[in-house]
Amino acid sequence: MEELIQRRLRQLFHDDRIVFDKSRFTGGLTNYNYIMNIQGTEYVIRKPGGMTNQMIDRSIEKVNNAIACELGLNSQCFYFDEISGIKISIYIQNSKDIAHADPCKPENLRAVSDLMKKTHSSSKDFPNIFDWRMELDKYEQIVKGLNGDFFFDYTSLKKQLFDFFDRHLQNTISVPCHNDTVPENFVIDDKGKAYLIDWEYAGMNDPNWDVAAYIIESRLTVEAINALVNDYYGQFPTPEEVLKIKGYMVAQDLLWTVWALIRHYNGEDFLDYCNIRYERFRRNIRTITGEADCSIFDLVKD
């Protein structure tokens with residue numbers, strides 16, 4: 001893959017002297033991103049992570065990425081190869097992701113809320129549906145294909161989650177969603193403009209999924225949760241919306257646990273990440289099924 005990236009860089013910039021430089025790593029879990037200065041412009045070069053060709057439809061991502069750029073939500077894309085998954089974007093100068101700029105800071109919460117609202121209210125639909133149960137099944141099949149194992153109580157706890165959704169979360173809606181609203185994917189430049197990057201999981205989904213993702217991935221405080229939801233919904237969310245947020249928080253821990261199992265059985269260092277997410281899933285499925293009045297924060301706190 002690194003040799004392929006280097007060949008593409010040389011072809012795109014018509015310079016056989018270019019060497020794929022990984023010295024400026026800028027993060028990533030699904031993929032690995034590096035900043036390079038090429039001919040006076042700084043770019044973010046994406047090296048696809050292991051097994052992502054089986055987990056992500058890059059042709060759909062290419063479409064969704066372009067829509068997000070057109071709407072002014074995303075950073076500018078310079079090159080996208082839907083076969084290899086290599087992507088080159090213009091680096092947002094003097095920027096900082098919200099994970100490092102404090103995900104609980106009031107102005108950052110407003111920026112996150114604004115970007116989610118712009119995404120969810122877009123008149124341009126994505127061509128695909130993000131259904132977490134279908135994604136989970138796809139990931140499970142990949143784990144089985146790698147001869148991997150699941151946790152001893154995986155099947156029974158997954159059934160409890162499915163039963164919870166079947167009883168309580170039938171009334172879902174479908175709008176354009178990012179579906180991976182971790183704080184690292186929100187970027188703010190030195191002029192205060194905010195961007196939402198990395199649209200590979202984007203698709204039509206219930207918007208409460210994105211709200212839930214930011215809350216649990218950022219481990220928001222009670223005060224930050226209240227500030228975010230009040231800004232996003234315009235008031236404190238309804239009981240139905242609160243139930244969706246809680247359900248999606250638990251579902252995400254299960255989904256990304258199995259995602260991490262794929263990376264683990266592919267020989268990558270994801271076991272600790274997997275264990276942390278599954279332990280929280282194990283705790284929280286018991287919480288939401290046993291304590292109907294538990295708060296959103298009850299599912300975040302350690």
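These legends describe close-up views of one predicted model.

Local features need pLDDT of at least 70 and side-chain atom pairs count only at pLDDT 80 or more, while totals for chains, interfaces and linings use all residues. Residues are numbered from 1 along each chain as its sequence is written, and side-chain values use heavy atoms, with hydrogens and water left out.

**View 1. An open sheet of four strands.** The strand order is S1-S2-S4-S3, and the pairing is antiparallel. S1 and strand S3 (77–80) stand at the edges with a single partner strand each, so one side of each has no neighbour in the sheet. Neighbouring strands are turned by 20 degrees against each other on average, direction ignored. Axes here are lines fitted to C-alpha atoms, for helices over the stretch in contact; angles run from 0 to 180 degrees between N-to-C directions. Strands (E, at least two residues) and helices (H or I, at least four) are DSSP runs, numbered from the N terminus. Two strands pair if DSSP finds at least two bridges between them.

**View 2. Strand S2 and its partners.** Eight bridges join strand S1 (residues 31–38) to S2, and the two run antiparallel. Tyr32 stands opposite Lys47 in S2. Ile38 stands opposite Thr41 in S2. Two residues lie between the strands in the hairpin of S1 and S2, where Gln39 takes a positive phi near 55 degrees. S2 also pairs with strand S4 (residues 87–90), in the antiparallel sense and over four bridges. There, Ile45 has Ile88 in S4 as its bridge partner. Seven of the eight residues of S2 are buried, so the strand is largely enclosed by the rest of the structure. Buried means under 20% relative accessible area, exposed over 50%, and partly exposed in between (1.4 Å probe, protein chains only). In a regular strand the side chains alternate between the two faces of the sheet.

View 3. Contact means heavy atoms within 4.5 Å.

**View 4. A buried salt bridge between Arg46 and Glu61.** The closest N and O atoms of this pair are 2.6 Å apart. Arg46 sits in strand S2 (residues 41–48) and Glu61 in helix H3 (residues 58–70), so the pair links distant parts of the chain, 15 residues apart. Arg46 has 2% relative accessibility, and Glu61 has 1%. A salt bridge is a side-chain nitrogen of Lys or Arg within 4 Å of a carboxyl oxygen of Asp or Glu. The whole structure holds 26 salt bridges.

**View 5. Salt bridges in other places.** Glu140 forms a salt bridge with Lys158, with the closest N and O atoms 3.0 Å apart. Glu140 lies in helix H6 (residues 132–145) and Lys158 in helix H7 (residues 154–168), so the pair ties together parts 18 residues apart in sequence. Both Glu140 and Lys158 are buried. Elsewhere, salt bridges that share partners join Arg46, Arg58, Glu61 and Glu200 into one network. Lys105 and Glu107 also meet in a salt bridge (3.6 Å, N to O). Lys105 is partly exposed at 35%, and Glu107 is partly exposed at 39%.

**View 6. An open sheet of three strands.** The order is S5-S7-S8, with antiparallel pairing. Strand S5 (96–97) and strand S8 (194–196) are the edge strands, each pairing on one side only. Two bridges join S5 to strand S7 (residues 186–188) in the antiparallel sense. Asp97 stands opposite Val187 in S7.

**View 7. The nonpolar cores.** The largest core has 70 residues, and Trp132 and Ile215 have the most contacts inside it. Helix H10 (residues 239–265) gives the largest share, 14 residues. Beyond its neighbours within four places in sequence, Ile215 touches residues including Leu220, Ile245, Met249 and Val300. Another core, of 14 residues, lies apart from the largest one, and Ile5, Tyr34, Met36 and Ile86 are among its members. A nonpolar core is a set of buried Ala, Val, Leu, Ile, Met, Phe, Trp, Tyr and Cys residues joined through side-chain atoms within 4.5 Å.
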